[in-house]
Amino acid sequence: MTQIASPTTRNIPDRLQSPLSRALRSWETLLVGVAIAIFIANSFASPYFLNVWNLSDATFNFTEKAMIAFAMAMLIIAGEIDLSVASIIALASTAMGLVMQAGFGTPVIALTGIATGVLCGAINGTFVARFGLPSIVVTIGTMSLFRGISYIFLGDQAFTGYPKDFAFFGQGYVWWVISFELALFTLAALAFYLLLHRSNFGRAVYVIGNNATAAQFSGIRVARVRFTLFVLTGLMSGIAAVCLTSRLGSTRPSIATGMELEVITMVVLGGVSILGGSGRILGVVLAALIMGLVTFGFGLLNVPGIVMSIFLGLLLISTIAIPRLIRRK
Amino acid sequence: MKTLMKSREALLAIVILLMTAAIALRFPAFVAPGNLVNVINDTAPLMILALGQMIVILTKCIDLSVTATLALTGMTAALLNGMGVPLPVILVTVIALGAALGAVNGLLVWKVGIPSIVVTLGTMTIYRSMIFLMTDGKWVNAHQMSDGFKALPRAVLLGFPVMSWIAFALIALFAVFMTRTALGRALYAVGGNPHAAVYAGINVGKTQFAAFVLSGALAGLTGYLWIARYAVAYVDVASGFELNVVAACVIGGISIAGGVGSVAGVILGAIFLGVIANALPVIGISPFWQMAISGLAIVIAVAFNATQSRIPGRLILKKVSA
C-alpha cells in the first residue's frame with residue numbers, strides 16, 4: 001500500500017501558473033463540467049427530470065452519504081480511513097429503536113442515535129490514535145463488530161413504529177422544496193469547509209496526511225487530531241443514521257449495507273487523494289451532486305440498482321486510474 | 001520452552017485446545033471424532049481462502065474481493081454444469097477464471113498503482129453485480145445440478161471428505177512454497193522492506209500481481225467447492241465472508257503492514273474461527289452472535305499483534321504532559 005518513490009529529478013517551473021489557469025485546470029472545474037453534462041443528458045433522457053419536486057427528491061440520494069463523506073474526506077486527507085461508517089449507522093439505528101421501544105420521545109431518540117455514532121467513532125479513534133493500530137484493520141473489525149451487535153439485538157426482526165414527529169428528519173421540509181436533509185447537508189458542507197480550509201485544525205489535518213512525523217515534531221498533537229477525526233466521522237454517521245432511520249421509518253440490521261463503498265467513492269471522486277495529504281471539500285460537494293444526479297437519472301430510466309453498483313465500482317476505480325494513466329504519458 | 005511460549009502459533013494452538021476442552025466439559029458430543037471432522041471440513045473453505053489472503057497481505061496489499069470472486073466462479077461452475085460441461089473442464093475453468101479476476105486486481109495495483117483496498121472495494125461490487133447480470137438474479141438450486149457435480153467435495157476418503165483433503169494438500173503445498181521457493185521468499189521480502197526488495201532484484205509490483213493471481217485462483221477453486229457442497233448458487237453467496245477471511249489472517253498473526261506471518265498461523269486462525277462458529281449452536285447461542293464475535297476477535301488480535309511487534313525505540317523527545 002505504500003508508494004515507492006523512484007529517484008526522479010523534480011522539475012521546478014520558472015514561474016507559477018496564473019490563478020486563472022490553475023482554477024481552469026483544477027479537478028473541481030472538471031467535476032462542474034461533468035455535473036453540467038449529466039444534468040443536460042438527464043433532462044434529454046427523461047421528461048420528468050426537470051421538475052423542482054423531482055429534483056428535490058433526487059437530493060435524498062446523496063444527502064446522508066455526503067454528510068459522512070465530508071468527515072471521511074478529512075479522515076482520508078489525514079491518511080486514515082474508516083470502513084465502519086455503514087455499520088455505525090446500523091448500530092445507531094438499532095440503539096434508536098431500543099430507546100423508541102422503551103417509550104422515549106423524538107428528542108431522546110435522535111440524541112441516542114447521534115451519541116451512539118460519537119461513541120463508535122471514539123472506539124475507532126481510541127484504537128487508532130491511542131494504541132497506534134492501522135485504521136484499515138481496526139475499522140474492518142469494528143465494521144463486523146458494530147453491525148454484529150445490531151444482529152444480536154434484532155436477528156431477523158425489525159424495529160418499526162417510530163413516533164410521527166420523528167419522520168421530520170428524513171421526510172420534512174424546511175421551506176418550499178428545501179428538505180430538512182438538504183438544509184443539513186448545506187450546513188454541514190459549510191461547517192466542514194470552514195473547519196478544513198479556514199482553521200488551524202484543518203491545516204494540521206493536511207500536515208499529518210503529508211508527513212505525520214514532521215507534524216509531530218512541529219508541535220501538532222497528531223494522536224489527538226486523529227482521534228477527533230474518528231469522533232467527527234462517528235458523529236456524522238450518527239446524524240446520517242437519524243436521517244436515514246427517519247426516512248425509512250424502520251430499523252433492520254442490514255440497514256445501509258455497502259454504504260461505506262459509496263461514501264469512499266464520493267470522497268475519491270471529489271479529488272481527495274486516497275494516499276492522504278490533498279483534497280478539498282468543494283470537490284466532495286460536487287462529487288455528491290454528480291453521484292446523486294447519476295443515481296436519479298438511472299432511476300428515471302429504470303436501470304436496476306445492481307447495475308448502478310457496477311457503475312459505482314467502475315467510477316471508483318477509473319477516477320483514480322485515469323489521472324494516473326494520463327500523468328504517466 | 002521460552003521461544004515456544006512466545007511463538008504465536010503455539011499460543012493460538014493452546015487457546016484453541018483450551019476452548020475446545022471447555023466446550024467438551026459441558027458438551028462431550030462436540031469432541032466426538034465425527035463432529036471434529038465436520039468442524040475441520042466446515043472450515044476448509046476458510047482455510048483455502050485465508051492462504052490466498054495471507055500472501056496478498058504479506059505484500060502489503062489486501063484483497064476484499066475474494067468472496068465476490070468465489071461467488072462469481074461458483075455461479076459460473078453451476079451454469080456450466082447446467083449446460084452439461086464435464087467436471088474436469090469446469091474445475092479448470094473456475095481456477096482460470098478466478099486467476100483472471102485476481103489478475104485484474106493485480107494489474108490495477110501493479111501497472112496503475114492504485115491502492116489495493118480501493119481496487120478490491122471496487123471489484124468486490126463489480127464481480128458480485130456481474131453474477132446478477134449473468135443470471136438476472138435467479139438461483140441455481142440443488143435439483144439443477146448434476147449428481148457428479150455435487151458429489152466430489154462430499155466424497156469421503158480415509159475419514160475426511162475430499163474438500164478437507166484439498167485444503168490439506170494446499171496447506172502442504174503452501175508450506176513448501178512459502179519457505180522453499182524464490183517467489184515465496186519474494187512475497188515476504190516485498191512486504192518486509194519494499195526498498196530492500198527492489199535492490200535485491202525483486203520486482204515489487206510483479207510480486208504483488210502474482211499474489212493477487214494466486215489468491216484469485218484459490219478463490220475460484222473454493223467457488224466450485226462452496227457451490228457444490230451447499231448445492232445452491234445465488235448472487236449473495238458468501239457475502240461478507242471476506243471479513244472472516246481477513247479475520248483468520250489477522251488472528252493467525254499476519255501483520256497488516258506486510259512481511260510477517262506463517263502458513264501454520266493462518267490455518268490456526270481459521271480453525272479458531274471455525275471452532276467458534278461450530279460451537280455457538282452447540283452451546284445454545286444464536287448464530288446472530290457470529291458476526292460480532294469475529295469482529296471482536298479481529299480487533300483483539302490486531303491489538304495483540306501490535307503489542308507483540310512493538311520495537312522499543314530510543315526516546316528522543318520526552319513527553320511533558322500525558
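1. Let me start inside chain A, in this predicted model. A:Cys120, A:Ile123, A:Asn124, A:Phe127 and A:Val128 of H6(A) touch A:Ser135, A:Val138, A:Thr139, A:Thr142 and A:Phe146 of H7(A), with contact meaning heavy atoms within 4.5 Å. By class, six residues of this contact are nonpolar, four are polar and none is charged. Here Ala, Val, Leu, Ile, Met, Phe, Trp, Tyr, Cys and Pro count as nonpolar, Asp, Glu, Lys and Arg as charged, and the others, Gly among them, as polar.

2. On the geometry of that pair: helix H6 (residues 106–130) and helix H7 (residues 135–154) of chain A have axes that come within 10 Å and cross at roughly 145°. The axes are lines fitted to C-alpha atoms over the stretch in contact, with angles from 0 to 180 degrees between N-to-C directions. Helices are DSSP runs (H or I, at least four residues), numbered from the N terminus.

3. Over all chains, the structure holds six salt bridges, each being a side-chain nitrogen of Lys or Arg within 4 Å of a carboxyl oxygen of Asp or Glu. One of them joins A:Arg280 and A:Glu28 (3.8 Å, N to O). That pair links distant parts of the chain, 252 residues apart: A:Arg280 sits in the loop between H13 (259–269) and H14 (281–300), and A:Glu28 in H2 (residues 27–45).

4. Now the interface. Chain B brings 45 residues to the contact and chain A 44 residues. The buried area is about 3900 Å², with 84% from carbon and sulfur atoms; this is the accessible area (1.4 Å probe) lost on putting the two parts together, summed over both. B:Phe288, B:Met291 and B:Val299 supply 15% of what chain B buries against chain A, more than any other three residues.

5. What about salt bridges between chain B and chain A? The count is zero.

6. Helices H6 (116–135), H10 (194–199), H12 (241–251) and H14 (289–309) of chain B each supply at least two residues of the side that touches chain A. H6(B) gives the largest share, 13 residues. By class, that side of chain B has 33 nonpolar, nine polar and three charged residues.

7. Bookkeeping: residues are numbered from 1 along each chain as its sequence is written, and chains are lettered from A in the order in which they are written. Side-chain values use heavy atoms, without hydrogens and water, while local features need pLDDT of at least 70 and side-chain atom pairs count only at pLDDT 80 or more.
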